[in-house]
Amino acid sequence: MKIRILAAAVMSLSTLSGASLAQVPPDIAEGIRKIGPIVDTPNTTKLYAPLFKERTEPYPNVTVVRDVAYGPDPANKLDVFSAGSTAPANKPVVFYVHGGGFERGDKRQPGSPFYDNIMLWLTQQGMVGVNLNYRLAPKNAWPTAHEDMAAAIRWVQANIAQYGGDADRVGLWGQSAGASLIAGYLAHPQFWGPKGHGVKVAVMNSGFYANDRGGSAYFGNDPKELLERSSVEGLKKSTIPLLISHTEVDLPDAITQADATNKALCDAGRCPTYVVFKDHSHISQNYSVGTPDTSVSGPILQVLRQIK
């Protein structure tokens, strides 16, 4: 199914039931269009950071545990956000996986509210947020990031109860390379544990699923290996709820890949929830989470609510 968010009323054939969603403020929408379909983190931050100026640490009624090691590498760190008591509460657990082309990026951007904004929003929805760092290229090539995703899930399965989370109710959410990493993990059973992938739902914003754009420092350059390391064929076998999206002002490749992956999954009888976020860019979509603009967080929440 395809949901093109072009009006305040959003309807889905299955999961979105007439929710009325606030849209991008006109001045910010204008700023996003001036930036255009590129990755411009500094100028997008200037648009959104003022909306979070009142939210500084320590965050009220939220327990934040930073830089928990889930593996032996210095990059194997995660943050855990939980609201109120951390006593066992069986709350759903949602990972957020940052982007950056598998070569850059971080779970927390110093001096900015991102991506704590997503963690705080998750706690407001009654969920435990887990913000993930993973090994990056060129120092670390395939399959290290995918192995890290698997290790982080194992860590949650063993430890999240002490933070109030339910290890059997885990969702994944990522943007750009983070979405690609989630797709790759779900698509390749060699990364799963003995009980499977351990995931109930997955949200993938502006990801890249077919390695058909040439080689990269992470995926390599061999055509056969690039095909094997793509995610589309494996996603066709997925039985969990998936949300795949791109934005209206997105990178052209992100739009092409999202459209093609949605079509491939639908042709295989595995249609995801498919969303196009009006007025947003590759970067702005996740910066909007936790603001009055719910055009991105609303549809995502509908999918995350399917964590059972």
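**Entry 1: confidence.** I began with the pLDDT (the predictor's confidence in each residue, from 0 to 100): the protein chain averages 92, and 92% of the residues score at least 70. This is a predicted model, in which local features need pLDDT of at least 70, side-chain atom pairs count only at pLDDT 80 or more, and totals for chains, interfaces and linings use all residues. Residues are numbered from 1 along each chain as its sequence is written, and side-chain values use heavy atoms, with hydrogens and water left out.

I then looked up residues 1–19, where pLDDT stays under 50. For this stretch the model has 49 contacts (heavy atoms within 4.5 Å) beyond four places in sequence. Where pLDDT is low, the predicted coordinates should not be read in detail.

**Entry 2: helix H2.** I took helices (H or I, at least four residues) and strands (E, at least two) as DSSP runs, numbered from the N terminus. In helix H2, residues 41–48, I found Thr-44, Thr-45 and Tyr-48 buried; buried means under 20% relative accessible area, exposed over 50%, and partly exposed in between, with a 1.4 Å probe and protein chains only. These three lie on the same side of H2, because they cover an arc of only 105 degrees around the axis, taken from the directions from the helix axis to the C-beta atoms. Pro-42 and Lys-46, on the other side of H2, are exposed. I noted that the cover over the buried residues of H2 includes helix H1 (26–35), strand E11 (273–281) and helix H9 (284–287).

**Entry 3: helix H10.** I next examined helix H10, residues 297–304, and found it mostly covered, with seven of its eight residues buried. Among them are Pro-299, Ile-300, Leu-301 and Val-303.

**Entry 4: Asp-250.** I located Asp-250 in the loop between strand E10 (242–249) and helix H8 (252–267). Asp-250 counts as buried because its relative accessibility is 2%. Setting aside neighbours within four places in sequence, I listed the contacts of Asp-250 as Pro-37, Ser-206, Ile-255, His-280 and His-282. I also checked Leu-120, which is 130 residues from Asp-250 in sequence and 25 Å from it in space, C-alpha to C-alpha.
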